[in-house]
Amino acid sequence: LCVCSFVVRRGGLDILSTLSLPRSARSENSDANASTMKALEKVDGWTKKWIKIFLCMLCTILCYLAVLVLTISTVSKLQYEQLDVFMDIRMYRLVLFLMFVGALSLTLAFIGFLGTWRENQPVLYTFCSLLVVFSLMEGTVAFIGYTQRHNMETDMDSNLWFSINQYPMDISLQPYVDTLQTQLQDLPPKGGYQSIPFARVPAKTYFKGWQMIAGYAGISTFGLFLYWLNVKENHRNEIEMRSARNVMYPLLLAERDREYLKQLRRNRDEEAELMKNVEGWEVGTWYGEPVFKTLPKDKLIEPTFQEFYVHTDYKHMANRADVKLMN
């Protein structure tokens, strides 16, 4: 059915005529034959090579379907021959029908392969026609099976129970069946079951109530004593650290102030060296004029942060911006 729709859409007669072109006509070197071959080589956008590939793939799928159906039908036939008592004759007919469908699919695939390989137009027409008939037949069977599925299930169940009831019983196997049933049955052991213990069994006690209370009190008292010793030790350490800070703080302040004054002297000397060639410049003044006229000469004027680091790189000044004596 797919091939037929493909042929109708793509100009089936031209495609089949292209596939059936004689080999002698394709092998001639004349200009007329060359132009004819060029026109027939491609029909409505589909080349002959891809058409052959499509037909070969379709035939391969039919081969797989035929092998699958033949395998299922053969296995079912063998099972039917072994269990013929439980099977209905209509099931056997269904198995034979499956074998017929598998053989028909295999034959149809062989015809398609032959027509594609030989590029024979009548064989390809036959292949397409049989494929349409085969597809319609499968569709009809599928439709009938779908509509009659409930009746078929009911009929198969009734036939199965009817076949089982007709199965002859072998009385010689009855003792074996009885023995097997006795072994599988849940029977009491020899001598009967043991007595069921129902008396209350008290739990084993390791400590009495007063012992547990006394132990709790002793452990708590010892823990409080250790806690008191730890508090005293921490208190002594805090006093020692506080005393050390109080002793070291004036020394750190003095060292800081001393280093601060030394750095101010370095800045003053650096300014004098830097401005020595400037006429009229005097360190600590503005060209000889004091900046703070109302203050005594021995009064220390602390520079700003930027003035203190004016002779250093900016990165050093930025690193020292947040450094203090104590955080």
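Visitor: Which residues do ring pairs link into a cluster?

Guide: The model is predicted. A search of the whole structure finds 7 aromatic pairs. Ring pairs join four residues into a cluster: Y260, F305, F308 and Y309.

Visitor: Are the rings of Y260 and F308 stacked or edge-to-face?

Guide: A pair of aromatic rings is described by the distance of the centres and the angle of the planes. For Y260 and F308 the centres are 5.4 Å apart and the planes lie at 20°. Planes under 30 degrees apart count as stacked, so the pair of Y260 and F308 is stacked.

Visitor: Which parts does the pair of Y260 and F308 tie together?

Guide: The two residues are 48 apart in sequence. Y260 belongs to one helix and F308 to another, so the pair ties together α10 and α11.

Visitor: Is F308 buried or exposed?

Guide: Buried means under 20% relative accessible area. F308 has 14% relative accessibility, so F308 counts as buried.

Visitor: Where in α10 does the kink lie?

Guide: Helix α10 covers residues 209-274 and reaches 92 Å from its first C-alpha to its last, close to the 98 Å expected. The kink is about 30° and comes shortly before the proline P250, at M248.

Visitor: Is W286 buried or exposed?

Guide: W286 is part of a nonpolar surface patch that also includes F292. The cut-off for exposed is over 50% relative accessible area. W286 has 55%, so W286 is exposed.

Methods
Residues are numbered from 1 along each chain as its sequence is written. This is a predicted model: local features need pLDDT of at least 70, side-chain atom pairs count only at pLDDT 80 or more; totals for chains, interfaces and linings use all residues. Side-chain values use heavy atoms; hydrogens and water are left out. Helices (H or I, at least four residues) and strands (E, at least two) are DSSP runs, numbered from the N terminus. The expected span of a helix is 1.5 Å times one less than its number of residues. The bend at a residue is the angle between axes fitted to the seven residues ending there and the seven starting there. Patches are made of residues with over 30% relative accessible area and no salt bridge: like charges are joined within 9 Å, nonpolar side chains (Val, Leu, Ile, Met, Phe, Trp, Tyr) within 5 Å. Accessible areas come from the Shrake-Rupley method with a 1.4 Å probe; for residues, only the protein chains shown count as cover. A salt bridge is a side-chain nitrogen of Lys or Arg within 4 Å of a carboxyl oxygen of Asp or Glu. Rings of Phe, Tyr and Trp (its six-membered ring) pair if their centres lie within 6.5 Å; planes under 30 degrees apart count as stacked, over 60 as edge-to-face and the rest as tilted. Buried means under 20% relative accessible area, exposed over 50%, partly exposed in between (1.4 Å probe, protein chains only).
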